[in-house]
Amino acid sequence: VFHELVSDKIHIDIHWVKPTQEKPFHTLVTSGMSDLPMKTPDGFEGSKYAELSICLPEDWKISDSDFEDENNYWPIRWLKILARFPHGYDTWLSYGHTIPNGDPATPFTKDTLMDSFVLLPSIVFSQEFHTLKLEHKTINFYSLIPLYSEEVNLKLKMGVESLFDGFDAHGINDVLDIKRINTVKPKKGFFSRFF
């Protein structure tokens, strides 16, 4: 567990599950986001509690010293930012929500052009991972899937399900691939026809 040393409204820890032969990737899951209910709109009472996860490739550098380099730390930083976000802004996060890296969105690091996240149920874990039913609440678990700006634009115009055909066609899943293919081809400009 990567324990948080200083907390405000909620205490966010990150649980680290190391790679195995069966699951050859790192799994990072928040703990603490669901300590308080989110402010959901009417009709979404079943979405008041959530935790977040992200899966990183087996060769991702994970240690306190590695995290001094932002190129290694940014997925963990975003888990913490988004776990706090609903409680700091009296809002909610749920299935299909997209969150940009700034306004306008800029790439997460110099090594990728992806600049936003979408929240989706895990693909690499079974449906048993999607919810945790406790006596007084149900916690939904969402994976952070980085997106390119063209993918975000498609999602905003057509809905989150519009991403799934491209994801399926290119084998996109929870495991972060900072060089993965953009499933929505950018539109070519006027001059591209001549070159």
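These legends go with a few close-up views of a predicted model.

**View 1. Helix 2 and its buried face.**
Helix 2 covers residues 149-158, and its buried residues are E151, V152 and K155. Looking down the axis of helix 2, you'll find those buried residues within an arc of 100°, so they line one face of the helix.

**View 2. What sits over helix 2.**
Which elements cover the buried residues of helix 2? Three strands are part of the cover, namely strand 4 (98-100), strand 5 (116-120) and strand 7 (138-147). Helix 3 (164-170) also belongs to what covers E151, V152 and K155, the buried residues of helix 2.

**View 3. Strand 3 between its partners.**
Is strand 3 enclosed or open? Eight of its eight residues are buried, so strand 3 is largely enclosed by the rest of the structure. Strand 2 and strand 3 run antiparallel and are joined by five bridges. In that pairing, F25 stands opposite P57 of strand 3. Strand 7 pairs with strand 3 too, but here the two run parallel, with four bridges joining them. Look for L52, which stands opposite Y142 in strand 7. One thing to keep in mind when following side chains here: in a regular strand they alternate between the two faces of the sheet.

**View 4. S122 in its loop.**
Zoom in on the loop between strand 5 and strand 6 (131-133), and there's S122. Is S122 buried or exposed? Its relative accessible area is 6%, and since buried means under 20%, S122 counts as buried. A polar atom of the S122 side chain lies 3.4 Å from the backbone nitrogen of V124. Leaving out neighbours within four places in sequence, S122 is in contact with F129, H130, S143 and D174.

**View 5. F44, a partly exposed loop residue.**
F44 has its place in the loop between strand 2 (25-31) and strand 3 (50-57). With a relative accessible area of 39%, F44 is partly exposed, whereas S122 from the previous view is buried. How far is F44 from L147, C-alpha to C-alpha? The two are 25 Å apart in space, and 103 residues apart in sequence.

How values were computed. Residues numbered from 1 in each chain as written. Predicted model: local features only at pLDDT ≥ 70, side-chain atom pairs only at ≥ 80, totals over all residues. Heavy atoms only, no water. Buried < 20%, exposed > 50% of the residue type's maximum accessible area, 1.4 Å probe, protein only. Arc of directions from axis to C-beta. Contact = heavy atoms within 4.5 Å. Polar contact = N/O pair within 3.5 Å; in protein donor to acceptor, adjacent residues only side chain to side chain. Pairing = 2+ DSSP bridges.
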